[in-house]
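The sequence and structure come first.

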Amino acid sequence: MTGPGDVPQAYLDRLRPVCLGLPETYEEPAWVGTRWRIRRRTFAHVCTVDPDHQAAHARAAGADEPICVLTFRSPGDEIAGLIAAGPPFFKPGWGADVVGMALDDATDWAEVAELLTESYCVLAPKKLAARVDRPG
């Protein structure tokens, strides 16, 4: 990592194929970290949160040391279940449909792929979302 919010390359290598494999998506630098968008809507954002610099993110994640977090969109009926599951999931203090997830060595990358696909479908136009193979 070289700057505030930078994400370990290994995490980006896992996230990019999932996010960029969805119809009409693109990647760009965010205010901190990296985000993936469909049209002008962000469906995934990853950054390393340092409590000294991103206090709101750190409080929401319950972090007192730097951690890598992924935020994504979730359908209303799934948000409560994810948050109730507890770590690695948390509810950021913004966006009714936004869920956060701490990434670490124990991350279930198959689950992340499912969550990101669902996040994309929450925001994508219906014609694009219909082109996506969604988990059962």
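## Strand pairing

In which sense do β5 and strand β6 pair, and over how many bridges? The two pair in the antiparallel sense over 2 bridges, with β6 spanning residues 98-103. Within this pairing, F90 stands opposite G100 in β6. Strands are DSSP runs of E with at least two residues and helices are runs of H or I with at least four, numbered from the N terminus; two strands pair if DSSP finds at least two bridges between them.

The model is predicted: local features need pLDDT of at least 70, side-chain atom pairs count only at pLDDT 80 or more, and totals for chains, interfaces and linings use all residues. Residues are numbered from 1 along each chain as its sequence is written, and side-chain values use heavy atoms, with hydrogens and water left out.

## Sheet

β5 and β6 belong to an open sheet of 6 strands, ordered β1-β2-β3-β4-β6-β5 with antiparallel pairing. Its edge strands, pairing on one side only, are β1 (25-29) and β5 (89-90).

## Helix α1

Helix α1 lies across β1, β2 (34-38), β3 (41-49), β4 (67-73) and β6, and runs at about 5° to β2. Axes are lines fitted to C-alpha atoms, for helices over the stretch in contact, and angles run from 0 to 180 degrees between N-to-C directions.

The axes of α1 (residues 9-20) and α4 (residues 109-123) come within 10 Å and cross at roughly 40°. In contact (heavy atoms within 4.5 Å), Y11, R14, L15, V18 and C19 of α1 meet W109, V112, A113 and L116 of α4.
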